Amino acid sequence: MLAEEPSQDLGELIQIALDVAGSLDPREVIARILERGTHAVQADRATLSSLVDDHVVIEATYGRAGELTWVGQRYSLDYFAGQPLVQKAIDTLQPTFGGRLAADKAAPEFRQALANVRHVAVVPLVHGTRAVGMLVFSRYEDRPFTAADLAALTLLGTISGLALRNARLFEEGKAARERADEAAARLRAAAEAAEDVASQVQLDAVLRRLLQRAGESVDADGTSLARLEGAEMVIESTPTGELVGTRWPLMPKVLAGVSRGHPVELTAGEYTGAPEGLESVVQPYRRFLVAPLAVGGETIGLLAMGRKTDEPFDPAAVQSLQQFSTLGALLLRNARLIAQAQVAEQAKSEFMSIAVHELRAPLTVASGYLGMALEGAFGDLPPALKDVLATALRKAEEAKLLADELLAVARMEGKVLTPNTEPILAMGALQDAVARARPRAALVKATITIEPGDDSTALADRAMVATILDNLLNNALTYTDHAPTIRISARRDAGQVAITVTDDGIGIAPADQPRIFERFARGTDRITREKPGSGLGLYLSRGLAEQMSGSLKLEASQPGEGSTFVLRLPPAAS
Ligand code: ADP
């Protein structure tokens, strides 16, 4: 009998170690461990299993003839209770060897193979203080594993354990990196959607774009966005605009989930409650995902996604839907606030119109009687009474003017009057305005010059242009401390019709210039404060100019030297 010799030298084992550790692909590492190990310990078969939590996964088996079979079977660890050799190897973290494994205790599919086995060695794959797997070497001939094989088996187990663990870690790291990349890509998509959405002005278009992006992100075939009203949802947007305004009852499960801010997934079988006549809308879908639109902890709406294939939604994708939901919720809330503000503004303008109208009627009556009295219709008046009545008439006329101005502002703000545009010869509009201003101009001995200009024609509302020019001329005649000189002109300028009104009056203090177009804003200098006025003229004039797609600007003003206002209007097609 020959003395027992080690089955292989150290050099060979190191070569095996280098080989096994040379890959970071777990399957490749397993294949190398099995192949190199089988030859190194002169076995006929080697099988590698991983120990995962309380399970064993038989990964692969390799026969001496060279065939590698991937198994992938999973068993409970109890499976080893009937295999003391295996149990001992795992408990002691040391290789064990002996006769055959108990075939009757093995899983049926291995019994046949085990029947041929004469000797086995079980090598735990050790990482740290744990067995992360095991290698079972089998010999079919009557050649037992001995103490001489122990060093090689131990080394093989350690190297294999390390290599396998490294490969797994690497793979996990790679998967984590991929998940992170995916999350980053999703975040980018959401950010792009936000940008995209912010660049769209119309809410309808914005919501539709959002839906499209959200649908793409979770791979949905159909999408809708709805606001929540009690136990119902009212559809606000769909990609085609269909179904908008329809009411859908919410199932208790959905309502409970979204109210708590959780997305809810449903199969076609679970979904009930399409409104009568709309059953066909949901009929093609096999899966539904309903995500809450929440702002400040309150669920105000829903994003509903439908999928025509019966595949569950990917949890990571559902997570990413959150970004879109947040965006949708903000849009929905803003739209609601804007709508409320518009309603309030409309109500206020309507109230102003009615109130001013009611005020104006008695003023008209009063000034009519006052005028008649002053003209002697009720007999001769004592001079003192005449003076009083004259003052009363002036004040009533001022109040009427203010009422008219307030009415015009209310109409402008409520957008009651849409501009009735027509081609207007600018020079003609100027001449008409100057003619209307003549009585007042005569009172202050003003000189009004219309400068020679071209025959520019604006596309504008005649009455609105008249109101604006009257205001500008009126201001030029008012805000002065001497007999004013006023120059007006009309010409084509940068594709528009520009009407310029220049005076040599008191000018506007630089501090006042930014605010004179605001509602009720008046100049702060002494001369202005002595003149009657409401501070509404320029506010109204600019509003009317803008309603006609034009503009009104203070082009220049110097205190003590005068001001220049420019009204720009769109040109009529020549
Ligand atoms: P109001 O004339 O009733 O005060 P406006 O809106 O027409 O209201 O004008 C706002 C303010 O702008 C005036 O109070 C005045 O201080 C200043 N302003 C307007 N036009 C002129 C002008 N041509 N010259 C000097 N100041 C002006």
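I set my terms before starting: on a 1 Å grid over the protein atoms alone, a cavity is a set of points where a 1.4 Å probe fits but cannot get out, while a pocket is an open set with protein on both sides within 12 Å along at least five of seven lines; lining residues have an atom within 4 Å of a point. I join grid points across faces, edges and corners, and take volume as the space filled by probe spheres set on the points.

I am working on a predicted model, where local features need pLDDT of at least 70 and side-chain atom pairs 80 or more, though totals for chains, interfaces and linings use all residues. Numbering runs from 1 along each chain as its sequence is written, and side-chain values use heavy atoms, without hydrogens or water.

**Cavity.** Helix α12 gives the most, three residues (helices are DSSP runs of H or I, at least four residues; strands are runs of E, at least two; both are numbered from the N terminus).

**Largest pocket.** I read a volume of about 1,400 Å³ here. Of its 47 lining residues, Arg 440, Asn 474, Asn 475, Thr 478 and Pro 532 lie nearest the centre. Elements supplying at least two residues include α12 (462-478) and β19 (562-569).

**Second largest pocket.** I get about 520 Å³ for this one. Among its 25 lining residues, Thr 223, Ser 224, Leu 243, Val 281 and Val 282 are closest to the centre.
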